[in-house]
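Hi,

Here is the structure I promised to pass on.

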Amino acid sequence: MTFSTRKSGFFAGDGKTGRRGVLKAVGLAAAAAVVLGLAGQPAEAQEKIKVAGIYTVPIQQKWVGTLHRALAAAEKRGEIEYSFSEKVPNTDYVRVMREYAEGGVDLIVGEAFGISREARKVADDYPKIAFLMGDPGVEHGSNFSVFDNWIHEPCYLMGVVAGTMTKTNKIGMVGGFPIGEVNRLFHAFMAGAKSVNPDVEFKVSFIGSWYDPPKAKEFAFAQVESGVDVLYAERAGVVDAAREKGIVAFGNVNDMNKLENGTDVVVASALWHMEPAIDYAIAQVKAGTFKAENYKEWTMMKAGGASLSPFYEFEDKIPAETKAKIDALAAQIKGGDLVVEINDDEPKSTF
């Protein structure tokens, strides 16, 4: 077996299914209120559903770790029975999806990158099961919803801070692959920096891997040699390079100041929170009202799906006017008065 499976509360093949409750949710705000209401109920008053997570990488990897933490939190509240399989290669993914579907789960959460067509076929074959999958495409049929990490808004805010901190007017950015979900973050970061510092330039590099800290570190070293004094660490390894070179960095997806040895190095991180999306999906499944949707809105700042981390050790080093500007911009984003452009095109170095 090339992947591991962990179960909590149920076993594949037991054939049990969750009963359906009644829930009315109208629009994003109303649905959010319902989700919060459910979360506040005692565990015994809630009806558990069975949820399976299927991940192509270990749960320690920060992208799937974000999904896992949200589901584990729902399990801890007593809302779901949660089982998951990690390190499942794409060649085995569909088989594992079908095994969980046959085992009586109510909701399957995972990634369909690279197997979008095959995953949709599984959803077609199990119309009574809800699917919430990371996927670059659109929702499908009646039961296949999609999500992505839309954290471009806090990336824009990070860029504003970075644009005020650079002394060389050169900022480096190291990412995994030039795909849409990474490209949009880089563009938003660059736009934020440009909004306060029109003279800033960027060095953009992609390492061709989702997890290769030594390679990311070497790319960051090369960027520092070219004159950058601020780094955007989209991948692990960049923070270590910033520490060794005595410069600052900005983090991505998880809190890299606290989780990736970023004390005194990582100024702030653009955080992704899947709790709003996961809790909304759970509420819909319990109500029997789950349908195919794009969960984009649930992973943005307005719904709490994205945020900017605290500044930690840099709180007193960032000018008060910059912090006030960030607060004002965040309020504008949440209120819909500021729309951060989404640009999925590959970003290019400007020097």
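Helix α10 (residues 275–287) and α2 cross at roughly 50°, and their axes come within 9 Å. That makes α2 oblique to α10, since an angle counts as roughly parallel under 35 degrees and as roughly perpendicular from 65 to 115. The crossing, with α2 passing α10, is right-handed. On the α2 side you'll find Arg-69, Ala-70, Leu-71 and Ala-74, and they meet Glu-275, Ile-278 and Ile-282 in α10. By class, that contact divides into five nonpolar residues, two charged and no polar ones. One thing to keep in mind as you click around: this is a predicted model.

Next, two other helix pairs.

Helix α5 (residues 152–165) packs with helix α11 (residues 320–335) at an angle of about 160°, and the axes are 10 Å apart. An angle over 145 degrees counts as roughly antiparallel, and that makes α5 roughly antiparallel to α11. Their crossing is right-handed. If you want to colour the contact, pick Glu-153, Tyr-156, Leu-157, Val-160, Val-161 and Thr-164 in α5, then Thr-322, Lys-325, Ile-326, Leu-329, Ala-330 and Ile-333 in α11. Sorted by class, the residues of this contact are eight nonpolar, two polar and two charged.

Helix α3 (residues 90–102) and helix α4 (residues 116–125) have axes that cross at roughly 15° and come within 10 Å. The two helices, α3 and α4, are therefore roughly parallel to each other. Here too the crossing is right-handed, with α3 passing α4. From α3 the contact takes Val-94, Met-97 and Arg-98, and from α4 it takes Glu-118, Ala-119, Lys-121, Val-122 and Asp-125.

The largest pocket holds about 470 Å³ of space. Its lining counts 22 residues, and those nearest the centre are Trp-63, Glu-111, Phe-113, Glu-181 and Trp-210. Two or more lining residues come from each of α2 (62–76), α6 (180–196) and β10 (248–253). In class terms, the lining of the largest pocket has nine nonpolar, seven charged and six polar residues.

The second largest pocket comes to about 330 Å³. Its lining is made of 16 residues, with Gln-60, Lys-62, Tyr-211, Ala-236 and Glu-260 nearest the centre. The elements giving two or more residues to this lining are α2 and α8 (238–245). That lining sorts into seven nonpolar, five charged and four polar residues.

Cheers

Terms used
Residues are numbered from 1 along each chain as its sequence is written. This is a predicted model: local features need pLDDT of at least 70, side-chain atom pairs count only at pLDDT 80 or more; totals for chains, interfaces and linings use all residues. Side-chain values use heavy atoms; hydrogens and water are left out. On a 1 Å grid over the protein atoms alone, a cavity is a set of points where a 1.4 Å probe fits but cannot get out, and a pocket is an open set with protein on both sides within 12 Å along at least five of seven lines; lining residues have an atom within 4 Å of a point. Grid points are joined across faces, edges and corners, and a volume is the space filled by probe spheres set on the points. Helices (H or I, at least four residues) and strands (E, at least two) are DSSP runs, numbered from the N terminus. Ala, Val, Leu, Ile, Met, Phe, Trp, Tyr, Cys and Pro count as nonpolar, Asp, Glu, Lys and Arg as charged, and the others, Gly among them, as polar. Axes are lines fitted to C-alpha atoms, for helices over the stretch in contact, and angles run from 0 to 180 degrees between N-to-C directions. A crossing is left-handed if the near helix is turned anticlockwise from the far one by less than a right angle, and right-handed if clockwise. Contact means heavy atoms within 4.5 Å.
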